[in-house]
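User: Hey, I'm new to this one. Can you walk me through it?

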Amino acid sequence: MGRGVSMLTMARAAWAGVRYTVVVPLLHVAVYLCAAMSLMLFVERLYMGIVGAVLWLNRRRRRRGADAHDDDKKDDSDDLEAGGSAEKPMVLVQIPMFNEKQVYRLSIGAACGLWWPSEKLVIQVLDDSTDGAVRSLVEAECRRWASKGVRVHYENRSNRNGYKAGAMREGLKKGYAKDCQFVAVFDADFQPDADFLRRTQEVGSACHAFFGFNGTAGVWRVQALADAGGWKDRTTVEDMDLAVRASMRGWKFVFTGDVKVRNELPSTFKAYRYQQHRWSCGPANLMRKMFWEILTSRQVSTWKKLHVLYGFFFVRKVVAHLVTFLFYCVVIPACVLVQGDVRLPKYVAMYVPAIITLLNAVCTPRSWHLLVFWILFENVMSMHRSKATIIGLLEASRANEWVVTEKLGSTTATTVATKKKKNQNQGFHTAEIVLGICLLYCAIYDIIFGHDHFYVYLLMQSAAAFVIGLDYVGSQ
């Protein structure tokens, strides 16, 4: 009995030594670091909120001024064919796809139905499918539209070098694409409205700046593509890579927020995780590879370099992920375990995060009722994104991992696929389960010994971690 008490006393003494010499000082540093990163994120979100509000007001003013011309904008495709076609630019529409059995008809049909003079429109289906049956189906669909007089070309490579970027790069080298002045890009699940090209060609903007192209539903000048060096496959975000290089060459971007294109969200949580890994790892890896290229660029202002390096890359693509995980999943639980030794300032724990959340949510007022669930979900996902960001920064083994997001297409296909998934065991996500256990322990500890009521948050956050860890997210 005495020996057991002695061992317990020694363990407590050892923990006290580690606590006051290692844990508490490190936690103080982490709190200051989170405070600094939170303020950086707050300033960036506030700035972007102001810019967004100004652009929205300008767009609304222009829309009011254009009301008198609404009748002209409702011309049908026959009217477009009949007059002014000689003045229209030659447009190439690229549709890259890979084993897209469920959605290929939707994207090809939508592209072939665009309102544009037939002699000025070329559709290019870039099919990298490895499934022979899918290749046959896609090629047959292209032939069907070609028989109707649409200039649609089916292209299939013997390899997947460069993935999507490689396919589009090879597509631009085709002889029939040489005369095109613009190129529009749509992923296989995107279905543009018939007036997409007309609305994007006629758009104007009072604010020309840089933003990250997301690789689809966009129109590029072929000259801009060539001047920027074309598509490169050095990262998994070839679209952002191209946008940054074009921006550094002095090209300006126009965002048309009122032009919307139907598309499909990730069909399963597994697909969503792969997508988020790519979207978090790729930008961090691109920042690593382009840092000096951006810094030494002589064709843009110092302000623009600062915006791209600091605002776009560092704050949005690195800090945003790291501070969310570090603060909500590490610092707050750790502060609970060292009651009284480390205090969280209220502006760090409450005010700044609340304002940042509201600024993020203001663009989607229809989803405000889901705000709490969204916060809890994003906090858990921040662990996955932070890991991907670090992989990208260090260019580790999974930095160039490319997994195509699975698509289900029509409602019928979605229903069938969902039924199949219900009969499959998707497995567990160990890291999220461990996080849930740690957060639950901290919540119980705070209930017993704490005074700050952090257990309310910790209980909800641990529940979210368990829900995700046990794979109860998505279509199941």
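This is a predicted model: local features need pLDDT of at least 70, side-chain atom pairs count only at pLDDT 80 or more; totals for chains, interfaces and linings use all residues.

User: Got it. How many helices and strands does the protein have?

Analyst: There are 16 helices and five strands. Both are DSSP runs numbered from the N terminus: helices are H or I with at least four residues, strands are E with at least two.

User: And what share of the residues is buried?

Analyst: Of the 476 residues, 45% are buried. Buried means under 20% relative accessible area, exposed means over 50%, and partly exposed is in between, using a 1.4 Å probe and protein chains only.

User: Show me some helix packing. How do α13 and α16 cross?

Analyst: Helix α13 (residues 371-394) and helix α16 (residues 455-469) have axes that come within 9 Å and cross at roughly 65°. Axes are lines fitted to C-alpha atoms, for helices over the stretch in contact, and angles run from 0 to 180 degrees between N-to-C directions.

User: Which residues meet there?

Analyst: On the α13 side they are Leu376, Phe377, Asn379 and Val380. They meet Tyr457, Met460, Gln461, Ala464, Ala465 and Ile468 in α16, where contact means heavy atoms within 4.5 Å. By class, that contact has eight nonpolar, two polar and no charged residues. Here Ala, Val, Leu, Ile, Met, Phe, Trp, Tyr, Cys and Pro count as nonpolar, Asp, Glu, Lys and Arg as charged, and the others, Gly among them, as polar.

User: Switching topic: how many aromatic pairs are there?

Analyst: The count is 14. Rings of Phe, Tyr and Trp (its six-membered ring) pair if their centres lie within 6.5 Å; planes under 30 degrees apart are stacked, over 60 edge-to-face, and the rest tilted.

User: What makes Tyr163 and Trp402 a stacked pair?

Analyst: Their ring centres are 5.8 Å apart and their planes sit at 5°, so the pair counts as stacked. The two are 239 residues apart: Tyr163 is in helix α6 (residues 163-171), and Trp402 is in the loop between α13 and α14 (411-422). Tyr163 is partly exposed, at 33% relative accessible area.

User: And why is the pair of Tyr445 and Phe449 tilted?

Analyst: Because their planes are at 50°, with the ring centres 4.8 Å apart. Both lie in helix α15 (residues 430-449), four residues apart, which is about one turn of the helix. Tyr445 is partly exposed at 22%, and Phe449 is partly exposed too, at 47%.

User: Which charged end sits over the ring of Phe98?

Analyst: That's Arg160, 3.7 Å from the ring centre. Lys148 lies over the face of Trp145, at 4.5 Å from the ring centre. The rule is NZ of Lys or CZ of Arg within 6 Å of the ring centre and within 35 degrees of the ring normal.

User: Last one: where is Asn99, and what is its phi?

Analyst: Asn99 is in the loop between β1 (91-97) and α4 (104-112), and has a positive phi of about 50° although it is not a glycine. Most residues other than glycine have a negative phi.

Methods
Residues are numbered from 1 along each chain as its sequence is written. Side-chain values use heavy atoms; hydrogens and water are left out.
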